[in-house]
Amino acid sequence: MTAERRSRERDGLPRSLLRDAVFLRLLERILLGEYRRGQRLRLDALADDMRVSRTPVREALVPLEALRLVSVQRYVGVVIAHWSIEQMTERIRLGCAMLAEPPARAGDSTERFDPVSIRDCLSEAGAFVELGAWLLRRAGSSVSADLLAAQRPVLDVFYTDDVAAANGIDAVVDRRRRLRLLDRARDAAMDDDLATCAQLVRELGACLIVLPDRFRTRESA
């Protein structure tokens, strides 16, 4: 690593923020198709491309591998996984299944819903995850909540307009309905109406699940 690069990293972002920034850039490039499925990439090449050292790239690959978007293989490097649109909708379908039996009242958790948690979401899918994970925690299902929450980065980015379009999906169509459902679910959460919130979040998830089949703009590459 050059002295200039070391200086840039030392004087720039903190290590954790640098790792997160690299993670988001890699995630977006994978979902946009800039890195082809099955493509092999060297760690050094990724670090040079991101203009950082190998360390934040290596750290960013850990959650990407957990999300099944890359495979890090010894002597081979980084291999972009053969992910699919169906895998994305399956993540949401799983979240809906977790919320299939909404609690009539709260479980062990007394956590109040904080609307700020969905304010920085990039898409309705990110808000779906945030609301769903909160509902599961309130129901006392912390393990399921963590499993769902782990899906937020990939789902939030995948359903943004540019990434969706790159995969042949028109995410703009039917958005008004999804936003109405989201607003109502948020209001129900703030009122601590768990059953109504869970129903609305499942309806939002159902809208996201059918989006790829109903509103294809072109064939995915």
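## Helix α6 against α10

The axes of helix α6 (residues 124–138) and helix α10 (residues 175–190) come within 11 Å of each other and cross at roughly 25 degrees. That makes α6 roughly parallel to α10. Angles under 35 degrees count as roughly parallel, over 145 as roughly antiparallel, 65 to 115 as roughly perpendicular and the rest as oblique. Axes here are lines fitted to C-alpha atoms, for helices over the stretch in contact, with angles running from 0 to 180 degrees between N-to-C directions. Helices (H or I, at least four residues) and strands (E, at least two) are DSSP runs, numbered from the N terminus.

The crossing of α6 past α10 is left-handed (the near helix is turned anticlockwise from the far one by less than a right angle; clockwise would be right-handed). From α6, Glu-124, Ala-127, Leu-131 and Trp-134 take part. They meet Arg-175, Arg-178, Leu-179, Leu-182, Ala-185, Arg-186 and Ala-189 of α10. Contact means heavy atoms within 4.5 Å. By class, this contact has 7 nonpolar, no polar and 4 charged residues. Ala, Val, Leu, Ile, Met, Phe, Trp, Tyr, Cys and Pro count as nonpolar, Asp, Glu, Lys and Arg as charged, and the others, Gly among them, as polar.

## Basis of the model

This is a predicted model: local features need pLDDT of at least 70, side-chain atom pairs count only at pLDDT 80 or more, and totals for chains, interfaces and linings use all residues. Residues are numbered from 1 along each chain as its sequence is written, and side-chain values use heavy atoms, with hydrogens and water left out.

## Helix α6 against α7

Helix α6 also packs with helix α7 (residues 142–149): their axes come within 8 Å and cross at roughly 170 degrees. The two are therefore roughly antiparallel to each other. Phe-128, Val-129, Gly-132, Ala-133, Leu-136 and Arg-137 in α6 meet Ser-142, Ser-144, Ala-145, Leu-148 and Ala-149 in α7. By class, the contact has 7 nonpolar, 3 polar and 1 charged residues.

## Helix α3 against α4

The axes of helix α3 (residues 43–50) and α4 come within 9 Å and cross at roughly 110 degrees. That makes α3 roughly perpendicular to α4. Leu-43, Asp-44, Leu-46 and Ala-47 of α3 meet Arg-54, Val-57, Arg-58 and Leu-61 of α4. The classes here are 5 nonpolar, no polar and 3 charged residues.

## The nonpolar core

The largest nonpolar core has 66 residues. Such a core is a set of buried Ala, Val, Leu, Ile, Met, Phe, Trp, Tyr and Cys residues joined through side-chain atoms within 4.5 Å. Those with the most contacts inside it are Leu-26, Leu-31, Leu-64, Leu-69, Phe-128, Phe-158 and Cys-197. Helix α11 (residues 194–214) gives the most to this core, with 10 residues.

Leu-64 touches Phe-23, Leu-26, Leu-27, Ile-30, Leu-69 and Val-70, not counting residues up to four places away in sequence.

## Loop residues

Most residues other than glycine have a negative phi. Arg-68 has a positive phi of about 65 degrees although it is not a glycine. Arg-68 sits in the loop between α4 (54–66) and β2 (70–73) and is exposed, with a relative accessible area of 56%. Buried means under 20% relative accessible area, exposed over 50%, partly exposed in between (1.4 Å probe, protein chains only).

Asp-192, likewise not a glycine, has a positive phi of about 65 degrees. Its loop lies between α10 and α11. At 26% relative accessibility, Asp-192 is partly exposed. Thr-160 is in the loop between α8 (152–158) and α9 (161–166). At 17% relative accessibility, Thr-160 counts as buried. Thr-160 touches Leu-122 and Ser-123, not counting residues up to four places away in sequence.
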